[in-house]
Amino acid sequence: MRGILNKQLTQRIIFMLLAYAIVQLLVSTNIINAYLQATLVTICINIILAVSLNLITGFTGQFSLGHAGFMSIGAYTCALITMRVPTIAGFLAGVLMGAVMAALVGFLVGLPTLRLRGDYLAIATLGMSEIIRIVFINLDSITNGAAGLNDIPRFVNWPWLYVFVAGTILLIRNLLKSSHGRACIAIREDEIAAEAMGINTTKYKVLAFIIGAFCAGIAGALYSSYFYYIKPDLFGFLKSVDILVIVVLGGLGSISGSVLAAVLLAVVSTYFQSFPEIRMILYALILVIIMIFRPQGLLGSKEISISMFNRMGKLFAFGKGEK
Amino acid sequence: MEQLIQQIINGISLGSIYALIALGYTMVYGIIKLINFAHCDIYMIGAYIGYVCMSKLGLGFLPSLLASMLFCTVLGITIERIAYRPLRNATRIAALITAIGVSLFLEYTTMFFASANVRTYPSMTGFMAKTYKIGDIVISTQQILIAVITVILMVLLQVIVKKTKIGKAMRAVSMDKDAAELMGINVDTTISFTFALGSALAGAAGILVGIYYNSINPLMGVLPGLKAFVAAVFGGIGIIPGAMLGGYVIGIIEVFVSGYGYSMYRDAVVFAILILILIVRPAGLLGKNTGEKV
Amino acid sequence: MLEINNLNVHFGVIHALKGISLTVNDGEIVTLIGANGAGKTTTLRTISGLKKPTSGDIILNGENITGMSAQQRVNKGISHAPEGRRVFPAMTVLENLEMGAYLRKDKPEIARDLKMVYDLFPVLSDRQKQPAGTLSGGEQQMLAIGRALMSRPKILLLDEPSMGLAPLLVQEIFNIIRGVNKAGTTVLLVEQNAMMALQIAHRAYVMETGSIVLHGTGEELLQSDQVKKAYLGG
Amino acid sequence: MQLLAIEKLTKSFGGLTAVLNVNIELQQGELIGLIGPNGAGKTTVFNLLTGVYVPTSGNITFCKDDSKISLHGLRPHKICKEGVARTFQNIRLFRDLTVFDNVRIAMHKNVKYGLLASLLHSPSYRREEKTIADASMELLKIFNLDEKKDEYAKNLPYGEQRHLEIARALATNPELLLLDEPAAGMNPAETAQLTELIKWIREKFNLTILLIEHDMSVVMKICERIYVLDYGILIAEGTPDEIRSNPRVIEAYLGEDVSNA
């Protein structure tokens, strides 16, 4: 048993290092050029956003339409800090502060979840993120209003991205494989039964919002640092929808599904850049068509795991008859 | 005092429009438990149809109103048939994403054909452009028209829902689809009918907004749509008088917030009210709170 | 009156009904018993048109109704009081009963049937104006049966009318079923309470995992060792 | 020794009084029945006991380790932590999770490792997860569900779902177990088997059990005492024989047939 565990762990580490090295190689040989790099950054940020929203919506079952609001708090906090302290330490402090501020707001947003369910919660979170946006527009002296902040120092590069993406995925995955994670999942399945089985549903719902918002704050911070320009309208209702679409498309309750969908949508949307007039029409059509034909998303609630590749590998290695 | 009355009058005009849109949200939510995000775009398309009728085809106001309601009815039924019906047994979130997809589709298709530019409604002439002054209070014909048409349509709707057989079928389907089907009710037809009613009202709201504010654009539905939804929740979603009440209240509050110099925050106030209502009285002002049975 | 031939029903990959056949003759009470998940409810739902079969025929009075919608079947004289009562909770008792006559246009006849239902269930008459959701379980069951009778059916499908009811009420419900049948309505009854069901049924079918495994008169099955052991606790 | 005392328990919903001045007392180790017609308030009593509803008035006292705890106003998860577990009238399993996870989730209240340990999968996390897994499997074995540990709960046959629900309740390590119509929807053969099982787990886990059931073959056979509710009021209390021959109970609930049987 212990041997297998170690083998799995080793494989996982190898896989993670490999993923890092391959992209690093592609970046340094300029196969991923400046244009593609923007797509890469978008993918990474969207992965963080989608995985963290999946924790709230897919695993804990709390319907949220306000994830962009958390993201904007991370983005503004980090931007304001790095603009004053334009060093790597300032950047890291900005990311951390952005995440903490977002988590704080996540806690506040999480409180109504104690009374609201389903669609009502979705609308409440939507309202909350709209309020955040309107406040940013009106805090002229700090945020420069609707025009937004420009010339934010750029510190984000592939190694940093990788650390944050891998960190988010790993921590959330670990959480879900623990008793605390199972408590969240139980709430999604049946809140009343979960409570009757000794789970403090209040605590875990708010916790899911705090952790989810924390990660979204990180994503926002990375966004502001890479794209060096932010304004309130970037984090409106549509952005929240975008994130939710990734989660649903990948499969509610599937982390690997969120990763897969984030990559897929970024690729498709990069391709669509060539026809700007009908880009959004196509996006809308694809959305409707996928929901009609595969409402459970690409992976449902299943995960792609390394052991799956192992099994496939064995199948090829031993040919037929191996069971 | 006069300023107060003036603002109430303006609030009622705006509230009428919210109420008309809110009715569509509330009916559709009542029957298939879907927040029909595309509803606000049906309202936008209603405004465009009115524009085409009045400024391109040169029709009068009433024929244009009817044309716009009719077109929106057909559009609403079509959307339900193509996009929502296949998802009737899917998860709520899948249905919601579909609704958002349809909404984006309508917005950007309109943008593709009519361009993103703002269009100006033909200005009203003669009787339609008249304003009446009582002291310092100003009322325009358009405001009266909006209020009167809204009331007529709402009364009509109440009669349909309360008195007719199809209205009873709507109530039955909203409570229990299977049981309704066992009574011999055609569930599909009933749901289509609900979409038809809601969409017709949205179409009317669209053209009324056109003549009131004069300008329309493909994204004009988004914010009023959200606020109308807030209105529906405010009154108690699924409850028709609730949507009307909610519409007027939200309209009046919004006008007051702007009137006292906080117009930048007026949307934030509406959403804050929403969250407050949801927390204090989740079933809405007129709704009964029914907890889950254990 | 009702004949089912080789009916197959699937839920996705699950084969819920595996080619079942049964008949119900005019004026009979036929009961369908079996364990949970045997397919009893699915059989009723397929007959009333809520579930579409993969293959097989449903024939009512010589007419093949397999392809018909649920409404058409109500028109043809099939009425179904579903499992769990399923009354319209926010409608009054009277409105619920009126919904039962939704497809009918003969106002005087409807009024007569309404009186008939109130005679059968006096407690409903006392509570005409009360929302159905506030009735007790037993009263809701009576309302569900009354509502089903309002379409003036030729055949009444009853799904677990005794479920969750106190012993005293169970007896009353079975007496009512017998009364309805005596008044001329054919009944197909699905029941968990096999003992009571077999006592009032003319004939019975036993289902197991989607198939009919046994059939005979109520009397015969009450004596059958196989049935005694599995369903009567003997 | 007294385990639970319900005194003058009352619950009204708006104008409707569901339970009025109910007194119930359970001694350690007893197996007690709660019967009555539909809508008599039996499940409401369970919901008041487990904190789903807050009583309008009255006391609920739970005696644990020589100390008395008032359950009045506690949240359900707190009450569960004090040692009261339940099953539901219409099965409420975590349907889309495995049999194994259903039981593991119910062990949450005894988990000691914190959030940080779970984020980092620390050694204490690993140790405790192993303990949980072992204990869960042991429980599943008792109910013959160990072979089906990876099956989704919704795919179990009905009878096994009822068993799993009991197993899940036991996983919270309760002192008092509330069973809400465990035999509903079972045929007589299954019911007879369940009756034995209830008796057996009481011994094995040293439990006190309060049981709501319509099936008199269960109640009369295993309960030491029975409480009868009607319209929210206790109309009788006594041994099965006393209840069977109590004219008020016959009139309100049992009917002639059953009392003669």
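The model is predicted: local features need pLDDT of at least 70, side-chain atom pairs count only at pLDDT 80 or more, and totals for chains, interfaces and linings use all residues. Residues are numbered from 1 along each chain as its sequence is written, chains are lettered from A in the order in which they are written, and side-chain values use heavy atoms, without hydrogens and water.

**Chain pairs**

Five pairs of chains are in contact, and chains A and B share the most contacts. Contact means heavy atoms within 4.5 Å. Chains A and C do not touch; 15 Å separates their nearest C-alpha atoms.

**The interface of chains B and A**

| Item | Value |
|---|---|
| Residues from chain B | 41 residues |
| Residues from chain A | 39 residues |
| Buried area | about 3,600 Å² |
| Share from carbon and sulfur atoms | 84% |

Buried area is the accessible area (1.4 Å probe) that two parts lose on being put together, summed over both.

Two residue pairs are in polar contact across this interface, both at pLDDT 80 or more. A polar contact pairs N or O atoms within 3.5 Å; within protein, one must be able to donate a hydrogen and the other to accept it, and residues adjacent in sequence count only if both atoms are side-chain atoms. There is one salt bridge between the two chains. R92(B) and D119(A) form a salt bridge through their side chains, at 2.6 Å from N to O. The term requires a side-chain nitrogen of Lys or Arg within 4 Å of a carboxyl oxygen of Asp or Glu.

On the side of chain B that touches chain A, helix 3 (61-84), helix 4 (92-114), helix 9 (222-235) and helix 11 (266-280) of chain B each give two or more residues. Helix 4 of chain B supplies the largest share, 14 residues. By class, this side of chain B holds 34 nonpolar, three polar and four charged residues. Helices are DSSP runs (H or I, at least four residues), and strands are runs of E (at least two), numbered from the N terminus.

**Confidence in chain B**

pLDDT is the predictor's confidence in each residue, from 0 to 100. Chain B averages 91, and 98% of the residues score at least 70. Within chain B, helix 3 is highest at 96, and strand 2 (residues 131-134) is lowest at a mean of 87.

**N174(A)**

N174(A) sits in helix 7 (residues 158-176) of chain A. N174(A) counts as buried because its relative accessibility is 9%. Buried means under 20% relative accessible area, exposed over 50%, partly exposed in between (1.4 Å probe, protein chains only). Its side chain reaches the backbone oxygen of L119(D) at 2.7 Å. Beyond neighbours within four places in sequence, N174(A) contacts S118(D), L119(D), L120(D) and H121(D).

Notes: Ala, Val, Leu, Ile, Met, Phe, Trp, Tyr, Cys and Pro count as nonpolar, Asp, Glu, Lys and Arg as charged, and the others, Gly among them, as polar.
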